Amino acid sequence: MLVSMRQGLDEASKGGYGVGAFNVNNMEQIQSIMEAARETKSPVIVQASRGARSYSQDRFLYHLMVAATELYPEIPTVLHLDHGNSPATCKSAIEMGFTSVMMDGSLMEDGKTPSSFEHNVAVTREVVEMAHAKGVTVEGEIGCLGGIEDGHGAGGDGLEHLTDPDQAVEFVEKTGLDALAIAIGTSHGAYKFSKAPTGETLKMDTLIEIHRRLPNVHLVMHGSSSVPKDLQDIINQYGGKLKPTWGVPVEEIQLGIRNGVRKINVDTDNRLAITGAIRKVLFESPEKFDPRDYMKPARDAMKKVVAERMTEFGQAGHGKDYAPLPISEMIKGYANGSLDPRPSMAGAR
Ligand SMILES: [Zn+2]
């Protein structure tokens with residue numbers, strides 16, 4: 001059943017857990033996510049980037065998402081737009097039926113050039129007004145992540161545009177958004193850190209400080225694949241050529257969850273699992289040519305990673321905690337102010 005992301009994150013906040021947001025480009029990926037959610041009894045966020053929407057001509061992807069809610073009616077499912085680059089992109093997702101959108105105004109519309117604070121506030125505020133009138137959740141971003149994924153990103157090493165905690169408070173007050181993505185040194189893609197991250201490269205202190213100042217705002221960690229060595233090894237063992245790389249350790253994500261992180265974006269780990277499984281089949285059985293012979297193991301491999309993350313983030317077992325509110329209730333809540341962010345009311349929720 002479809003659920004608003006705001007409700008899903010409010011529930012996660014009450015339960016003290018995080019919710020993984022997994023990217024979808026095709027049928028096998030969404031099947032993996034929904035099977036993992038069913039197996040672990042988890043609520044789930046499925047998200048599509050602009051790249052995914054163009055790869056799937058938008059409509060294929062949307063109907064896959066609808067199919068997921070039909071086939072897994074017991075699972076609270078959020079349909080989220082990842083990294084919308086403009087109010088127009090967010091509008092098209094809202095019109096299509098997404099229950100949540102990200103307006104990433106930390107970059108200009110080209111998805112590459114870091115923007116000014118004023119630009120970010122203006123476009124995010126515009127999307128908040130448009131989305132909340134329809135009961136749709138809004139995620140914004142302050143500071144820029146490193147790396148580039150699907151042509152989106154500021155590039156660099158993740159430390160160039162870290163989130164300033166003072167600016168984060170002002171941003172929430174000025175935009176009225178529901179969830180805030182912050183830059184603490186992580187990057188999109190597989191190459192996040194050139195060695196195991198330390199407090200110098202992964203700024204968990206900054207995250208904790210932002211949570212201290214914004215105790216009632218749902219924080220989002222992007223670029224949070226763990227890039228485990230065993231998944232890298234499978235790819236390289238069967239002919240791949242990944243360079244050594246490190247991701248965000250699960251224990252750091254769990255520290256984040258104890259400090260206000262409610263949404264964790266994971267994509268690279270799933271890509272690695274799929275590619276490793278396909279390479280293994282093609283390497284071991286070069287006579288095979290039916291795509292199902294390698295897509296089935298790929299699907300199983302991704303499902304396993306997603307289920308592990310759901311357990312590690314704590315969302316496992318929380319799929320039946322709540323009944324999704326009708327979207328009309330969300331519209332009412334935004335209109336009467338009961339769903340406004342309350343940045344200054346420490347611990348009031
Ligand atoms: Zn991201």
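Predicted model: local features only at pLDDT ≥ 70, side-chain atom pairs only at ≥ 80, totals over all residues.
Guide: A residue counts as buried when its relative accessible area is under 20%, as exposed when that area is over 50%, and as partly exposed in between.

Visitor: With which side chain does E129 meet in a salt bridge?

Guide: Side chains of opposite charge can pair when their charged atoms come close. Here E129 pairs with R125, with 2.9 Å from N to O. R125 is itself partly exposed, at a relative accessible area of 32%.

Visitor: How are R125 and E129 placed along helix 6?

Guide: An α-helix has 3.6 residues a turn, so residues three or four places apart point the same way. R125 and E129 are four residues apart in helix 6, and therefore about one helical turn separates them.

Visitor: Which parts of the chain does the salt bridge between R213 and D166 tie together?

Guide: The side chains of R213 and D166 meet at 2.1 Å, N to O. Because R213 lies in helix 8 and D166 in helix 7, the pair ties together parts that are 47 residues apart in sequence. R213 is partly exposed, at 29%, and D166 is partly exposed as well, at 48% relative accessibility. In the whole structure a search finds 22 salt bridges, and D269, K304, E308, R309 and E312 are linked in a network of them.

Visitor: Which residues of helix 7 are buried?

Guide: In helix 7, which runs over residues 165-175, the buried ones are P165, A168, V169, F171, V172 and T175. They lie on the same side of helix 7, because they cover an arc of only 160° around the axis. Among the elements that cover these buried residues are helix 6, strand 5, strand 6 and helix 8. After helix 7 comes G176, whose phi is positive, near 70°.

Visitor: What else does G176 touch, if I start from H132?

Guide: Setting aside residues up to four places away in sequence, H132 touches G176 together with V127, V138, D178, I331 and Y334. H132 is found in helix 6, and at 11% relative accessibility it counts as buried.

Visitor: Which protein atoms are donors of the zinc ion?

Guide: The protein donors are NE2 of H83, NE2 of H188 and ND1 of H222, lying 2.0 to 2.1 Å from the zinc ion. In sequence these donor residues are spaced H-x104-H-x33-H. H188, in the loop between strand 6 and helix 8, and H222, in the loop between strand 7 and helix 9, link distant parts of the chain, 34 residues apart. H188 counts as buried at 14% relative accessibility, and H222 is buried with a relative accessible area of 1%.

Visitor: How many disulfides does a search of the whole structure find?

Guide: A disulfide is a covalent bond between the sulfur atoms of two cysteines. In this structure the search finds zero disulfides. Take C90 as a case: the closest cysteine sulfur, in C144, is 16 Å away, which is too far for a bond. C144 is likewise in no disulfide. C90 is buried, with a relative accessible area of 0%, and C144 counts as buried at 6%.

How values were computed: Residues numbered from 1 in each chain as written. Heavy atoms only, no water. Buried < 20%, exposed > 50% of the residue type's maximum accessible area, 1.4 Å probe, protein only. Helix = DSSP H or I, 4+ residues; strand = E, 2+ residues; numbered from the N terminus. Arc of directions from axis to C-beta. Contact = heavy atoms within 4.5 Å. Donors = N, O, S within 2.8 Å, 3.2 Å for Na, K, Ca; no water. Disulfide = S-S within 2.5 Å. Salt bridge = Lys/Arg side-chain N within 4 Å of Asp/Glu carboxyl O.
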